[in-house]
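User: Could you take me through the strands of this model? Please start with a hairpin.

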Amino acid sequence: MSAALEPKPPRAVAAVAAIAVNTFREAIRDRILYLLLAFSLLLIAASRLLSFITVGDEEKIVKDLGLSAIAVFGVLTSVFVGVSLVFKEIEKKTLYTLLASPIRRWHFVAGKYLGFMTVLAINVSLMTAALFLVLLARGEAPWMLVPAVVLTLVQLALVTAFAVLFSSFTNPVLSALGTLSVYVVGHLSWSFDLLKKRLPLGAGRRLCDVAHSLLPSLDRLDVKMHAVHGLPLPDGYVLFGICYGVCYSVVVLVLACCVFERRGFA
Amino acid sequence: MTSTGTVVEPVVHIAGLTKSFRGHLGIGRHTAVEDLGLTVGPGEIFGLLGPNGAGKTTTLKMIVGLLRPDRGTVRLFGKPPTDVAARARIGFLPENPYFYDYLTAEEFLDFYARLHGVGAGARRKKVEATLERVGLGGSARTALRKFSKGMIQRLGLAQATLHEPSLAILDEPMSGLDPVGRREVRDLILSLRESGRSVFFSSHILQDVEMICDRVAILAGGRLRAVGRLDTLVSRRILWFEVSVAGPIPASIPGERMSSSGGESLLRVAGVEALRRVLTEVPLSGAQVTAVWPRRETLEDLFLREVAPEKPQPVGRGAGS
């Protein structure tokens, strides 16, 4: 065979896109995803009903419930579908033919992540649209909620990156536990500052500093209260949050790629 | 080297390949492949034989880059398997393949065509032609979850050959197929050779290997036992004759009685002289010689001879390694 006719490896973008499209197809043909989406849409639709039977400002209750539903169901999707993204390919050995193809291992990790993030973004968009419809039906402007929804998606991007990292070297149960732990600890990162103040000077305080700077500050990306109560956010806060989330996710994914690169598949 | 003096680069070159795995609970190590060396030339069908646990799958996984060897080197077209340019020229079918069951056959091959850099224009035609070639043209839009094992195996072969690779690496391609399916796979492998491509496959179905391979290697306990052309490894001389005799056989007739049923006996007769005596004396005793088969050495004899010294043991972690 002449060199001109020799098969050429695909470009990185084409390889990542092919895997992302396949991951997207896989996710949208998974019934669990529809179940989670249906539950969340139902909850958002029912939030108006709940606002009647709850003491407090109806508008705030609808907004609070709606945004919480988006966050909770988004995280559940991210954890329970996300942790099996890489593991399922290893377990079912579909990975063998993929990695024997002329693609690099990081193409696989990036493709899986981007494909799944597309699914999450569509899910969040659908849930947001449902919430906006409920608010518009009440004659309320929903646009104040946009920053909160965008930063929720950033949180999901970060959590999914951890799900991919964990699933590149361990089983789905441990991956789910690890990812959920990151989510919970990430939302309590403010407590490291509190703990630091109560500790004497020394190693304990330094450990708090290290933990605080290494773990994702998901609480800073949670601006639901601002959105619900109409409180203003500092200038550039959303943009900073997006940059922080993207950079953090990239670092976690690079780590996942490094782990995956070293793995053998016996 | 060719007759014109040009050096022909092997498509696969393995030297000193060694791979071991941790034992249960991380205690000890099992050596799956030890100091393996072999080459596969262009346009050659090379069969890797061995009992279960011989190290065949582990070897193939190291060749395609799924496993990293502890020691030794693997070169595909002169490049390491980590080089995507080398992997662009191979097609791989793993043992007992499982594919994305939520895809249709058409979507599945389209996905692999993309991974092999087949352009949008050529992809559709290539997918259709490949499905036709493996006899799945009528199932293009069927979800893979509805495919039988034989259909999955054929789809796996379609995936491995879709991009017209210079080398097809097939792990137990005839496994689980009925005789018709095995025949189709054999024909496909032969057609690959006819188009100038190389095929490196593992199998423990000796009959298939004997029918189509140019060269074979026998692996047992992770070590190479024999490698070479079939006609040099297997002697074609007659070892003995099997003679079928109808009626009672006199005690004076030479040969060992192998079996007897329905008044017919099977004799094992060593050498032409003894056969001549059988053919002369049996009719005189009132019995009748109904058939004579010369028994030559087969690949099975060679295989059993090479594998017998070492009892097969599970050395790898892969199902068929």
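Analyst: In the hairpin of S8(B) and S9(B), Gly221(B) takes a positive phi near 55°, and 2 residues lie between the strands. This is a predicted model, in which local features need pLDDT of at least 70, side-chain atom pairs count only at pLDDT 80 or more, and totals for chains, interfaces and linings use all residues. Residues are numbered from 1 along each chain as its sequence is written, with chains lettered from A and ligands numbered from 1 in the order in which they are written.

User: How many bridges join S8(B) to S9(B)?

Analyst: There are 6, and the two strands run antiparallel; Val216(B) has Gly228(B) as its bridge partner. Strands are DSSP runs of E with at least two residues, helices runs of H or I with at least four, numbered from the N terminus; two strands pair if DSSP finds at least two bridges between them.

User: And in which sense do S3(B) and S8(B) pair?

Analyst: They pair in the parallel sense, over 4 bridges, and Leu48(B) is partnered by Ala217(B).

User: Why is S8(B) largely enclosed?

Analyst: Because 5 of its 6 residues are buried, strand S8 of chain B is largely enclosed by the rest of the structure. Buried means 20 or more other C-beta atoms, placed from the backbone, within 10 Å of the residue's own.

User: Changing topic: what is the order of the 4 strands in the open sheet of chain B?

Analyst: The order is S11-S12-S10-S13, with antiparallel pairing. Strands S11 and S13 of chain B stand at the edges with a single partner strand each, so one side of each is left without a neighbour in the sheet.

User: What joins S10 to S12 in chain B?

Analyst: 6 bridges join them, and Glu242(B) has Arg268(B) as its bridge partner.

Key: Buried ≥ 20, exposed ≤ 12 C-beta atoms within 10 Å, placed from the backbone.
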